[in-house]
Amino acid sequence: MPVCKYCGSKITNQDFDICPHCGEKDPIDQKYKTKDITSFVDPVTGEALYKSKSKKLAGLFELLLGSFGVASFYLGFKMKGIMSVLVTLILVGGIGTLLFFVVPGLVGNALSYVIPFAAVFLFHAGCSIKYFVKPDIKGADGELLI
């Protein structure tokens, strides 16, 4: 179902001239394409041509490799994945270096970098729960994960 490019409300294909919610003219984006069943199922054999992305796999990516943005890249959120990698590098590098030089007697070795990385890992492990619990998670293309 298309959405209005002005207000974001769901509209029908019959409302191509005026949005019933905001009243703007030409509410459907010209690049919008409807998806029909033939793009997902071969009409001759009945076999699936397309398989949606998996919530379980996205959850495992977030749990194990979330610090590196793998789940975000898998779902198509490239900018979110890049930001995840940068935040991990800044936090682990910054806090690890601070612990390495400021508290040398306490943790003045490679452990000073493991502690902040473990904190980032535990954060992403907590974030991975949403992939296993929420029923309506969508990828960057707007399709529901199975």
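**Note on aromatic pairs and a helix contact**

1. Phe100, Phe101 and Tyr113 form one aromatic cluster. Rings of Phe, Tyr and Trp (for Trp, its six-membered ring) pair if their centres lie within 6.5 Å; planes under 30 degrees apart count as stacked, over 60 as edge-to-face and the rest as tilted. The structure is a predicted model, in which local features need pLDDT of at least 70 and side-chain atom pairs count only at pLDDT 80 or more, while totals for chains, interfaces and linings use all residues. Residues are numbered from 1 along each chain as its sequence is written, and side-chain values use heavy atoms, with hydrogens and water left out.

2. A search of the whole structure finds 4 aromatic pairs. In one of them, the ring centres of phenylalanine 61 and tyrosine 74 are 5.3 Å apart and the planes stand at 75°, so this pair is edge-to-face. Phenylalanine 61 belongs to helix 1 and tyrosine 74 to helix 2 (residues 70-75); the pair thus links distant parts of the chain, 13 residues apart. Helices here are DSSP runs (H or I, at least four residues), numbered from the N terminus.

3. Phenylalanine 100 and phenylalanine 101 also make an edge-to-face pair, with 5.0 Å from centre to centre and 90° between the planes. Phenylalanine 100 is partly exposed, at a relative accessible area of 28%, whereas phenylalanine 101 counts as exposed at 60%. Phenylalanine 61 is partly exposed at 22%. For these classes, buried means under 20% relative accessible area, exposed over 50%, and partly exposed in between (1.4 Å probe, protein chains only).

4. Helix 1 (residues 55-65) and helix 5 (residues 111-127) have axes that come within 7 Å and cross at roughly 165°. Helix 1 is therefore roughly antiparallel to helix 5; angles under 35 degrees count as roughly parallel, over 145 as roughly antiparallel, 65 to 115 as roughly perpendicular and the rest as oblique. Axes are lines fitted to C-alpha atoms, for helices over the stretch in contact, and angles run from 0 to 180 degrees between N-to-C directions.

5. Glu62, Leu63 and Leu64 of helix 1 meet Phe121, His124, Ala125 and Cys127 of helix 5 in this contact, where contact means heavy atoms within 4.5 Å.

6. Tyrosine 6 lies in the segment before helix 1 and, at 46% relative accessibility, counts as partly exposed. Beyond its neighbours within four places in sequence, tyrosine 6 is in contact with Cys22, Glu24, Lys25, Asp26 and Pro27. Tyrosine 6 and proline 27 are 21 residues apart in sequence and 6.6 Å apart in space, C-alpha to C-alpha.

Terms used
Helices (H or I, at least four residues) and strands (E, at least two) are DSSP runs, numbered from the N terminus.
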